Amino acid sequence: MPHNHRILTYAIAVAAAATAGLVLPSGATAAAPPAATSDFNGDGYADLAVGVPDGTVAGQAKAGYVNVVWGGPSGVGAHGSIRVSQATAEVPGSPEAGDRFGASVALVDLNGDSVAELLAGAPGEDVTDRGTDAGMVIAVGGSEDGPGPGSTVLTGPSPSAAYGRSVTAAHLTGGDNKTIVIGGTDKVVARVIQGEDSLVTTVVAAPMGGRAPVLATGDFDSDGTADLAVAYWTAGDPNTQSHVRLWKWDADRGEMANFWNTDNAGVSALAAGDFDGDGHDDLALGECREIADENIDDPCGPEQLAKGGGLHIHYGSTAGGSFGSRAQTLNQDTAGVPGVAEDGDRFGAALAVADVDRDGRDDLIAGAPGEAIGNKARAGAAWLLHGGAKGLLDTDGGARSVSWNQDTSGVPGVAEAGDAFGAAVAAGDHNAAGAIDVSVGSPGENASLGAVWLLPGGSAGGSTAFSPRTLGLPYLSTAQKYGTALHSH
């Protein structure tokens, strides 16, 4: 049974704190559009968090930082940004080599005031009395004047615990406050905030092959409260471990309870959305592959559709059904999906969900950072796959989708080997125009300085790119890999 223990009260401070050199976006004084859940500066526009865990801060290699890029009338990249790190006065700690602050990021309104807080993981953080690479997750309050006070959400309990490899937050308990879920080495824990009290509970502890556990949230059992999806895998001695598991809050036991599993499936990304518009959340498994040869149930669908990375979708329950009883699988060999499935493409290694075409059904954005463009190995690409009445595939097994890369007409730049375009993807209405914009990270761009592309309204037309250089951030000749992690919604 998971272990629970009471801890000190945690509260996000939201008082404004001025930051030297902060320039508000040009649209900050305009009439405020509808509030956005990833609005860090309270101007009504969705912002974008770019995690740069390999970034150099105060001369410390891979200390890491998060760049919050302001939304505004022209979208992200045109209205400035701020750099948040452990050198920021409001943020606990100090930048040290290898902290990797920003390895995981989330912009989320934790306290319901319509201003987002920033959650940032630093899995390489050394913690006094807990050891090297114990790891830490920090929450930084948002405000119109810049970062508000920051607080430590949780630190790893022991050396190499690496808390902060992954992070997410949602209303998992059904109350007013969100639960913050943290992935570390071979463990996922949840910090449940309950008014003036809180508790920490272990969700799952198991071998995870040295990889960050993959996290997503959605209402998978259709009870009106968010659930947690966790994916992890390893292979080898003593036993193969590979699972996608769903957990829900058990109020009587005061912990997360496992209620659905699919085994022997190794995935790189998860995303929740209603792809068929039936009112029930579905779960997309990205770059899904079968790990254990003895499994005969094809946990990722037909084996041929795992080539190059497959997308496997478990659909939410309908009347008389159960979650996951209906599934679809697709890859680049599926009709309507541009490209050809090739080993190493990593199709689905990054996922994001939004109703881009505004038809009432969610669409899926999938990145393939290993995709070759011509003879440019690992140049990378991204896809927009439209939802429909039957989901991501129609009754004939075909998809409706478009793809982008740096050789796509209208997309700035040129596809080059190692760009890894599509290593991260995100979606949000950054100009408050009522249409969803797609962001794509390319951490290998410009000798791994890195960059992010904005596709307004999910279209190559009018797309732009931004990087530490164009945003006026400090950058060195060393690889910063800007765009490794993205979050907005």
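Author: Two strands count as a pair if DSSP finds at least two bridges between them. The model discussed here is predicted.

Reader: What makes S2 and S30 a pair, and in which sense do they run?

Author: Strand S2, residues 48–52, and S30 are joined by three bridges. The requirement is at least two, so the two strands pair. Their sense is antiparallel. Within this pairing, Ala49 stands opposite His487 of S30.

Reader: How do you know which strands stand at the edges of the sheet?

Author: The open sheet has four strands in the order S4-S3-S2-S30, paired in antiparallel fashion. Strand S4 (81–84) and strand S30 (485–487) each have a single partner strand, so one side of each lacks a neighbour in the sheet. On average, neighbouring strands of this sheet are turned by 20° against each other, direction ignored.

Reader: How many bridges join S2 to S3, and over how many do S3 and S4 pair?

Author: S2 and S3 run antiparallel and are joined by five bridges, with Val52 opposite Tyr65 of S3. S3 and S4 are also antiparallel, over four bridges. Here Asn67 has Arg83 in S4 as its bridge partner.

Reader: Why is strand S3 described as largely enclosed?

Author: Five of the five residues of S3 (residues 65–69) are buried, so the rest of the structure largely encloses this strand. Both of its faces are covered: Tyr65, Asn67 and Val69 are buried on one side, Val66 and Val68 on the other.

Reader: What makes the charged end of Arg83 count as sitting over the ring of Tyr65?

Author: The charged end of Arg83 is 4.5 Å from the centre of the Tyr65 ring. The distance cut-off is within 6 Å, alongside a limit on the angle to the ring normal, so 4.5 Å meets the distance condition. Arg326 likewise sits over the ring of Tyr315, 3.9 Å from its centre.

Reader: Why is the pair of Phe220 and Phe323 called edge-to-face?

Author: The count by this rule comes to four aromatic pairs, one of which is Phe220 with Phe323, at 5.5 Å centre to centre and 65° between the planes. Phe220 lies in the loop between strand S13 (214–218) and strand S14 (227–234), and Phe323 in the loop between strand S20 (310–314) and strand S21 (327–330), so the pair ties together parts 103 residues apart in sequence. Phe220 and Phe323 are both buried.

Reader: Which residues form one aromatic cluster?

Author: Phe220, Trp260 and Phe323 form it. Trp260 and Phe323 make an edge-to-face pair, with 5.0 Å between centres and 85° between planes. This pair links distant parts of the chain: Trp260 is in strand S16 (residues 255–263), 63 residues from Phe323 in the loop between S20 and S21. Trp260 is buried, as is Phe323.

Reader: How do you know that a disulfide joins Cys288 to Cys300?

Author: Their sulfur atoms are 1.9 Å apart. The cut-off is within 2.5 Å, so the two cysteines form a disulfide. The structure holds one disulfide. This link is left-handed, with -70° about the S-S bond. Cys288 belongs to strand S19 (residues 282–290) and Cys300 to the loop between S19 and S20, 12 residues apart.

Technical notes. Residues numbered from 1 in each chain as written. Predicted model: local features only at pLDDT ≥ 70, side-chain atom pairs only at ≥ 80, totals over all residues. Heavy atoms only, no water. Axes fitted to C-alpha atoms, helices over the stretch in contact; angles between N-to-C directions. Phe/Tyr/Trp six-rings, centres within 6.5 Å; stacked < 30°, edge-to-face > 60°. Buried < 20%, exposed > 50% of the residue type's maximum accessible area, 1.4 Å probe, protein only. Lys NZ or Arg CZ within 6 Å of the ring centre and 35° of its normal.
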